[in-house]
Number of protein chains: 4
Amino acid sequence: MTSPPQGGRPVNAQAGAALKAAALRLVRERGYGKVSIAAIAEEAGVARQTLYNRWNTKADLVLDAVFEETQSYAAAPPLDGERACRDLLEEFLINVFSHLAVNGGVLRALIAAAQQDAAFQANFYAKFVLPREKMVTNLLQRAIERGELSADRSPELVSSLIHGAFWYRLLNRGVLDASVAKAVTRDVFGPPTSAAGGDC
Amino acid sequence: MTSPPQGGRPVNAQAGAALKAAALRLVRERGYGKVSIAAIAEEAGVARQTLYNRWNTKADLVLDAVFEETQSYAAAPPLDGERACRDLLEEFLINVFSHLAVNGGVLRALIAAAQQDAAFQANFYAKFVLPREKMVTNLLQRAIERGELSADRSPELVSSLIHGAFWYRLLNRGVLDASVAKAVTRDVFGPPTSAAGGDC
Amino acid sequence: MTSPPQGGRPVNAQAGAALKAAALRLVRERGYGKVSIAAIAEEAGVARQTLYNRWNTKADLVLDAVFEETQSYAAAPPLDGERACRDLLEEFLINVFSHLAVNGGVLRALIAAAQQDAAFQANFYAKFVLPREKMVTNLLQRAIERGELSADRSPELVSSLIHGAFWYRLLNRGVLDASVAKAVTRDVFGPPTSAAGGDC
Amino acid sequence: MTSPPQGGRPVNAQAGAALKAAALRLVRERGYGKVSIAAIAEEAGVARQTLYNRWNTKADLVLDAVFEETQSYAAAPPLDGERACRDLLEEFLINVFSHLAVNGGVLRALIAAAQQDAAFQANFYAKFVLPREKMVTNLLQRAIERGELSADRSPELVSSLIHGAFWYRLLNRGVLDASVAKAVTRDVFGPPTSAAGGDC
DNA sequence: GACTAACCGAGACGGTACGTCGTGTCTTAGT
DNA sequence: ACTAAGACACGACGTACCGTCTCGGTTAGTC
């Protein structure tokens, strides 16, 4: 509603990308807590104020940086009825866990940052947590509809159990590999039936 | 067995207690991140160095402070066979959740601190996380032995699902009340049998 | 010739002046050793780091502060041949001594600081000691050329005798007044001749 | 007036000597300012309180330590009339300067300490400065009586000129060797007469 | 031979100052 | 309007000394 910016130097689009790249690189190298905002700006070859023009906090910047990278993977599994929900869940978890091998440290730091900054927590939850929770909730809802899961299970509750196991192990530096994904799936859905692979 | 003090002015035990009390009070009032080490020492009426003599970090101090308070509650449920394991679990969770109403904020901060400091993480895990995980694992093991739980459930995995749900909701500021405790218990053990209350 | 600032917020010149003024005021009030860097910054209404941006040590700051004040007095006497060198020396000493009534305490502290910090010693010597020594050496050299002083006196040695007397008395809190200035002058030049006041 | 101490453990004389030795050793090695009281006590294998039982400040301890060492040299020249005063002065200065090669650094630190602590200044002046000043004053007085020096010279003033030259050069890290001693003597007494060596 | 009181080691304690670091805001000049 | 550069106010950090204190243990000399 404000008058569109007339004249003035245009925003340097490269600066934002350079900042995100620099942030990810440094945070992975040194760890989130040992990277200062000034260091990121310097690494990106950019003034500090330029960073503040785009993000409010280091956490917001890093969130954007990993978010971009993460868009590719962990996409919602296609609930198109061709495959069993238990298989989709297992695949989803394996996929997520495999990417945590790379981004686990960064995510741990972001979860920590969210505990210290309510504004960032809301941002992080909306951008990162909720979508993944929705994916699993939807998948479980579908499983109930298809009869793969007992109707008296609550999709929301089971979803938080599943994500919880993932968070708990991530934050306590526990093992998170394919075998865990399979075990979680099995615990939720029960032992696979001999006629495994009913449609989802 | 500990190294003998071997002379020297004895440690002032009051100072340690005053520091823990001051830490808890201030952290609850202002929030963990807004309390400086200096402020805690001042509130306790103690020199800053005295604090450093006992704890390496603010997190270690606060951990000790809540740990002490927490010793009373969340004690291991008595696996004496008189009550059903599902009831014991439910009671345990209700108990834990009710205390989180008081200490939830502090614990969130400590979990965050653990993500930024490996040494503290180890301390926190050993003192706080592991014991509670063990309690639940033991309880579940017992439940399997008594036939309350299917033998093909893994106590360790289920334990991390249960704790995970708790962590996940705590860290995302979700609801954590008695109804959640009951729902979790029900999801793990299944709907209560009519002849509820078999021995555990 | 200096490196161009090349952008960036310009240095706040008032801050430097305020710091020097505050330093002098506090050091005179409380004594050098009882004034902390933090107190000076606070008195100047300036951040501590701003002080560190300009000076490395408290001594360097205080040196600059007194140096500025001292520029006015103790200027090199005009060796223009109109007045006798002995009169010029006497005047110079009277002038210096009178200002020591104000700055003596500060100077004693700076001399002390120079004994504990080689870098500051070099700075102090170059800015403060050497110029005054040169003044006297030049004056004495002129006196020899004009025959007021025996040619076998060494200007450098006599200069250090003169300055030495001043330091020795300053550091031992001895008397330093006009009568001492006259006595020193008389001892160096001998009793005034009846035809006093040959041109210098 | 208080009752003399009856009974009780006697003072450990070795501790004092060990402290003085440790102080000198450390101060010479690291420099006065970089040696803490705790370091001296530790080096001496003695408790910190034991040091405080004997001396009020580090400066007092170090003063005692060098004073002891210095008693041997720079003794008052024998004004027995057998040798010329100018020779005695020259010898005295050569002697003093040669010992400054060893203790110069320590003395510089003590002079600095005296500027920061009035109580120590009085102690230092009485024990160290005044005796040496008296020696020279007496010698000059004798020189006047013997006619080696003009009667209108003031022994006190000349003494402060001589000591001043020494202090000034010491504190500014100037040269202090035998040639300076000879030059000072020559400047004070004038060129040696052909019939040098009248009795003093 | 027991008593006694000053001494000693060790080290915790209340204070104070230090220099460094990071943050978010600001103020220039330049694009 | 945006950028690069960097000064600034603010505040926390961990360290280093200082001088005092409080212990338990060790002495001689005195009763």
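Visitor: How many residue pairs are in polar contact across the interface of chain D and chain C?

Guide: This is a predicted model, in which local features need pLDDT of at least 70 and side-chain atom pairs count only at pLDDT 80 or more, while totals for chains, interfaces and linings use all residues. Residues are numbered from 1 along each chain as its sequence is written, chains are lettered from A and ligands numbered from 1 in the order written, and side-chain values use heavy atoms, without hydrogens and water. A polar contact is a pair of N or O atoms within 3.5 Å; within protein, one must be able to donate a hydrogen and the other to accept it, and residues adjacent in sequence count only if both atoms are side-chain atoms. With both residues at pLDDT 80 or more, the number of pairs between chain D and chain C is twelve.

Visitor: Which helix gives the most to the side of chain D that touches chain C?

Guide: Helices H5 (85-114), H6 (118-146), H7 (155-171) and H8 (178-189) of chain D each supply at least two residues of that side; helices are DSSP runs of H or I, at least four residues, numbered from the N terminus. With twelve residues, the leading contributor is H7(D).

Visitor: Which residue of chain C meets D:Arg153 in a salt bridge?

Guide: Chain D and chain C share three salt bridges, each a side-chain nitrogen of Lys or Arg within 4 Å of a carboxyl oxygen of Asp or Glu. In one of them, at 2.7 Å from N to O, the partner of D:Arg153 is C:Asp187.

Visitor: Which residue forms a salt bridge with A:Arg28?

Guide: A:Arg28 is, with A:Lys20 and A:Tyr32, among the residues of domain 1 of chain A that lose the most area to domain 2 of chain A. The rule finds two salt bridges across this interface. The closest N and O atoms are 3.1 Å apart in the pair that A:Arg28 makes with A:Glu69.

Terms used. Buried area = accessible area lost by both parts, 1.4 Å probe.
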